[in-house]
Amino acid sequence: MSWFERFDRHPRLYVALLLGAYLFINNSINATSVWMEHSRNGAPQIALWEPFAWEYTSALAFFLIAPLLFAWFARVPPRLSTPGRQLLLHFLATLVFALLHVGLMVGFREVIYYFTGGNYQFAPWLREFFYEYRKDAWGYLFWFLMYQLYHFVYSRLKGEARPVDEQEDSHSQAPEHFLVRKLDREFLVKVADIDYLESSGNYVNLHSQGRIYPLRATLGELSERLQQKGFSRIHRSYAVNHNAVESISYQNSGDGEIQLKSGHKLNLSRRYKDGFKAALS
């Protein structure tokens, strides 16, 4: 198994570990820099632990906010058609991000100083918030660009699917294949070999023969297009290929569970149960 296949099994876990390692190293360097600056002209006016408390609370606050930040980036991908609206949304988002980051950071510091017998001063609020906002706005831009770069590289390594013929990209036709571009190679994925579809932000993941191929689409649109190929919506997050189903079990609540021939299990929502059963008959 290659390193990418290992990464692809638990991408969120590895991203969290990499992010945590980056924040720890980066903020440790910042903390030692602050201590060295305060020590340059003799005895420092702060304790050794203080710059580390400042930097690590900032890192922890960002780490807790990061899932919300990245989810927001997924909802507002870059679009050249509406630059003004995009800039406004991101400007407002920087304010929300800074408020959350500063609020958590200051809260953590207040607790630390309380238990060490000190008093953390964050005043005057307006001036201090503006000081922190400048850094947070720049950090927001940095992580937005890093998020886009990550998905660009990830999609090239993983392989992003699209209809073989661009003319197939219409609601009136169901494609026989999807074309997957992976680095400098292209290959076909048969629709019949796709076990199920999974909603993932602005993408739908095509699960085929143990591999996952992201396709930029919505689950509702794609499952509707593939109905004539034997696919049915079974959940707000899933649609399944009828030929991939091994068994179906039901619960007292009305929901169910679908066992696939591949060994995967998918939730069957009672909202889609009757339509799924009708499609199978």
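1. Two residues are said to be in contact when they have heavy atoms within 4.5 Å of each other. On that basis, and leaving aside neighbours within four places in sequence, histidine 90 is in contact with Trp72, Val76, Tyr140 and Phe144. The structure is a predicted model, and every remark below should be read with that in mind.

2. Histidine 90 belongs to helix α4. Its relative accessible area is 13%, and the limit for a buried residue is under 20%, so histidine 90 counts as buried.

3. Which other residues of α4 are buried? Besides His90, the buried set consists of Gln86, Ala93, Thr94, Phe97, Ala98, His101, Val102, Met105, Val106, Arg109 and Tyr113. The cover over the buried residues of α4 includes α3 and α5.

4. Leucine 99 is also found in helix α4, but leucine 99 is exposed, at 55% relative accessibility. A residue needs over 50% to be called exposed, and leucine 99 therefore falls in that class. Between the C-alpha atoms of leucine 99 and phenylalanine 115, which are 16 residues apart along the chain, the separation is 24 Å.

5. The length of α4 (83–115) can be checked against its residue count. With 33 residues at 1.5 Å a residue, α4 should span 48 Å; the end C-alpha atoms are 48 Å apart, so the two values agree. Just after α4 comes glycine 117, with a positive phi of about 80 degrees.

6. The check can be repeated on α5 (125–158). Its 34 residues, at 1.5 Å a residue, should span 50 Å, and the end C-alpha atoms lie 46 Å apart, which agrees. Glycine 159 follows α5 and has a positive phi, near 100 degrees.

7. The largest pocket has a volume of about 2,000 Å³. Its lining is made up of 50 residues, and those nearest the centre are Arg12, Tyr147, Tyr150, His151 and Tyr154. By residue class the lining divides into 29 nonpolar, ten polar and eleven charged.

8. Which elements supply at least two residues each to the lining of the largest pocket? They are the helices α1 (3–9), α2 (11–39), α3 (49–75) and α5, together with the strands β1 (160–163), β4 (194–200), β5 (203–208) and β6 (211–216). The largest share, twelve residues, comes from α5.

9. The second largest pocket holds about 800 Å³ of space. It is lined by 28 residues, with Glu55, Ser58, His101, Glu132 and Lys135 nearest its centre. Two or more lining residues come from each of α2, α3, α4 and α5. Here too α5 gives the most, with nine residues. The lining of the second largest pocket has 15 nonpolar, seven polar and six charged residues. His101, named above among the residues nearest the centre, is also one of the buried residues of α4.

10. How many salt bridges are there? The count comes to five, taking a side-chain nitrogen of Lys or Arg within 4 Å of a carboxyl oxygen of Asp or Glu. One of them joins the side chains of arginine 40 and glutamate 37, at 3.3 Å from N to O. Arginine 40 counts as exposed, at 58% relative accessibility, whereas glutamate 37 is partly exposed, at 47%.

11. Another salt bridge brings together the side chains of arginine 127 and glutamate 128, with an N to O distance of 3.0 Å. Arginine 127 has a relative accessible area of 52% and so is exposed.

12. A further salt bridge is made by the side chains of glutamate 176 and lysine 229, 2.3 Å from N to O. This pair links distant parts of the chain, 53 residues apart: glutamate 176 is in the loop between β1 and β2 (177–182), and lysine 229 is in the loop between α6 (219–225) and β7 (231–235).

Conventions
Residues are numbered from 1 along each chain as its sequence is written. This is a predicted model: local features need pLDDT of at least 70, side-chain atom pairs count only at pLDDT 80 or more; totals for chains, interfaces and linings use all residues. Side-chain values use heavy atoms; hydrogens and water are left out. On a 1 Å grid over the protein atoms alone, a cavity is a set of points where a 1.4 Å probe fits but cannot get out, and a pocket is an open set with protein on both sides within 12 Å along at least five of seven lines; lining residues have an atom within 4 Å of a point. Grid points are joined across faces, edges and corners, and a volume is the space filled by probe spheres set on the points. Helices (H or I, at least four residues) and strands (E, at least two) are DSSP runs, numbered from the N terminus. Ala, Val, Leu, Ile, Met, Phe, Trp, Tyr, Cys and Pro count as nonpolar, Asp, Glu, Lys and Arg as charged, and the others, Gly among them, as polar. Buried means under 20% relative accessible area, exposed over 50%, partly exposed in between (1.4 Å probe, protein chains only). The expected span of a helix is 1.5 Å times one less than its number of residues.
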